[in-house]
Amino acid sequence: MTADDSGAASRDRETDDDAVRDVPVDDPARGRGEGATGRGEPPDNGDENNIAVRLEQLILGADRRYTPFQAARGAGVSMDLAARFWRAMGFADIGQVKALTEADVLALRRLAGLVEAGLLSEAMAIQVARSTGQTTARLADWQIDSFLEGLTEPQDSGLTRTEITYPLVELLLPELEEFLVYVWRRQLAAATGRVVRAQDDAEMVDRRLAVGFADLVGFTRLTRRLEEEELGELVEAFETTCSDLVAAHGGRLIKTLGDEVLFSADDAGIAAEIGLRLIETMTNDETMPELRVGIAFGTVTTRMGDVFGTTVNLASRLTSIAPKDTVLVDEAFAEELGRIGDAPISEADAAAAEKAAEEGTGAPPPSYRFALQPMWQRPVRGLGVIEPWLLSRRTGQGTGG
């Protein structure tokens with residue numbers, strides 16, 4: 001954007017105040033009072049504030065130059081669309097101060113360009129902004145709260161945490177940025193592969209998956225007994241263990257909810273292995289509470305990396321009624337395990353098959369990984385009467401490596 005363009009935008013702003021709406025942006029000056037900035041910059045309140053400004057410039061890579069109105073003009077988009085983009089990304093309203101950089105203008109221009117070219121609908125572009133904003137906001141919060149906080153503990157050098165932070169961020173920023181892009185490309189490749197393997201267009205959105213919840217038992221009581229730091233360490237250990245196990249065995253971690261995780265798998269056998277591994281691992285960890293797991297199989301709607309539908313609700317209900325340190329599955333999941341040969345629906349049928357193999361009929365003895373035991377039928381709110389099945393390993397079957 002040229003200086004003339006900026007001036008023209010300012011004159012338009014002065015002559016058409018009613019047409020201009022506030023656009024949400026992320027403003028570190030927010031909360032310090034309206035007198036904190038006349039040019040979109042925080043006041044000079046000492047060395048720490050100066051370092052904060054320098055850190056922002058380092059991370060953003062540019063000075064704040066544009067008001068939201070000027071940024072929208074420079075990107076060639078309406079104020080309404082600009083406002084929707086910024087709100088979708090999760091940024092706060094700051095009015096019409098100079099809080100935006102050239103990168104903000106370019107981002108608006110790119111999103112709008114995708115819509116104009118017909119590559120994305122306007123609604124889809126908003127979803128892209130929202131999903132990206134939500135994911136990266138959580139990542140940034142974690143990195144600041146956990147990662148940088150630990151690395152910037154004041155040392156014997158006599159430097160304060162604030163003084164240590166700037167050179168540390170300066171060194172880490174390019175490396176973390178490269179790593180973020182690398183992981184995103186890897187995840188994008190994996191997600192694309194799953195979509196390409198779908199049998200038809202409908203299956204890309206409404207797919208048959210195994211969906212499972214793993215829930216810590218008695219977590220509410222723990223929150224009253226443990227110190228905040230201890231509770232945080234327990235939750236982090238739980239989420240880390242679940243994430244590693246789910247990924248290692250071919251599942252996908254959908255989200256973590258503190259004392260609960262939601263995962264999915266394309267194959268019922270993979271989901272069964274994950275569920276049992278979670279129970280076995282937590283049982284062997286004396287620092288962890290008991291765990292319960294519920295898994296259901298069926299059609300699932302996927303949106304913005306999350307999963308929805310009756311199958312997900314059923315998995316949640318199964319988790320809530322599962323005895324501690326057990327895995328409960330629904331009837332459809334049990335049938336799917338039987339269909340793919342990972343478990344017998346009936347132990348009587350399994351015994352008969354084994355006996356036939358022993359008598360030399362020529363058929364090899366069945367090799368089942370899991371056992372299923374039908375439980376009592378019971379009504380479940382919103383889902384009617386269901387018949388849960390208790391999932392376990394077959395006697396004599398090891399857990400493997």
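Which side-chain oxygen reaches to within 2.7 Å of the backbone nitrogen of Gly-269 at the start of α11? The first legend gives the reply.

The structure is a predicted model, in which local features need pLDDT of at least 70 and side-chain atom pairs count only at pLDDT 80 or more, while totals for chains, interfaces and linings use all residues. Residues are numbered from 1 along each chain as its sequence is written, and side-chain values use heavy atoms, with hydrogens and water left out.

**Figure 1. The start and surroundings of helix α11.** The oxygen belongs to the side chain of Asp-267, and it lies within 2.7 Å of the backbone nitrogen of Gly-269. Such a polar contact is a pair of N or O atoms within 3.5 Å; within protein, one atom must be able to donate a hydrogen and the other to accept it, and residues adjacent in sequence count only if both atoms are side-chain atoms. Helices (H or I, at least four residues) and strands (E, at least two) are DSSP runs, numbered from the N terminus. Helix α11 covers residues 268-283, and its end C-alpha atoms are 23 Å apart, which agrees with the 22 Å that its 16 residues should span. The expected span is 1.5 Å times one less than the number of residues. Because 12 of its 16 residues are buried, α11 is largely enclosed by the rest of the structure. Here, buried means under 20% relative accessible area, exposed means over 50%, and partly exposed lies in between (1.4 Å probe, protein chains only). Among the buried residues of α11 are Glu-273, Arg-277 and Met-282.

**Figure 2. Arg-393 and its charged partners.** Arg-393 is found in strand β10, residues 389-393, and counts as buried at 16% relative accessibility. Its side chain is joined to that of Glu-273 by a polar contact of 2.9 Å, and to that of Glu-280 by another of 2.7 Å. These three residues belong to a network of salt bridges that also links Arg-277, Asp-342 and Arg-369. A salt bridge is a side-chain nitrogen of Lys or Arg within 4 Å of a carboxyl oxygen of Asp or Glu.

**Figure 3. The salt bridge of Asp-342 and Arg-369.** In this pair the closest N and O atoms are 3.2 Å apart. Asp-342 lies in the loop between α13 (331-339) and α14 (347-358), and Arg-369 in the loop between α14 and β7 (370-374), so the pair ties together parts that are 27 residues apart in sequence. Asp-342 is buried, with a relative accessible area of 10%, whereas Arg-369 is partly exposed at 33%.

**Figure 4. Two further salt bridges.** The count for the structure comes to 13 salt bridges. One of them joins the side chains of Glu-122 and Arg-84, at 2.3 Å from N to O. This pair links distant parts of the chain, with Glu-122 in helix α6 (residues 122-151) and Arg-84 in helix α4 (residues 79-88), 38 residues apart. Another salt bridge, at 3.7 Å from N to O, joins Lys-324 and Glu-290. Lys-324 lies in the loop between α12 and β6 and Glu-290 in the loop between α11 and β4 (291-303), so parts that are 34 residues apart in sequence are tied together. Lys-324 is exposed, with a relative accessible area of 52%, and Glu-290 is partly exposed, with 31%.

Figure 5. Glu-239 lies in helix α10, residues 228-248. This residue is buried yet has no salt bridge, and the nearest side chain of opposite charge, Arg-138, is 4.3 Å away. For charge, Lys and Arg count as positive and Asp and Glu as negative, while His and the chain ends are not counted. The side chain of Glu-239 does make a polar contact of 3.2 Å with the side chain of Thr-256.

**Figure 6. The aromatic pairs.** A search of the whole structure finds 2 aromatic pairs. Trp-86 and Phe-91 form a tilted pair, 5.2 Å centre to centre with 45° between the planes. Rings of Phe, Tyr and Trp (its six-membered ring) pair if their centres lie within 6.5 Å; planes under 30 degrees apart count as stacked, over 60 as edge-to-face and the rest as tilted. Trp-86 is buried, with a relative accessible area of 4%, whereas Phe-91 is partly exposed at 28%. Phe-179 and Tyr-182 form a tilted pair as well, 5.9 Å centre to centre with 40° between the planes. Both residues lie in helix α7 (residues 161-196), 3 residues apart, about one turn of the helix.
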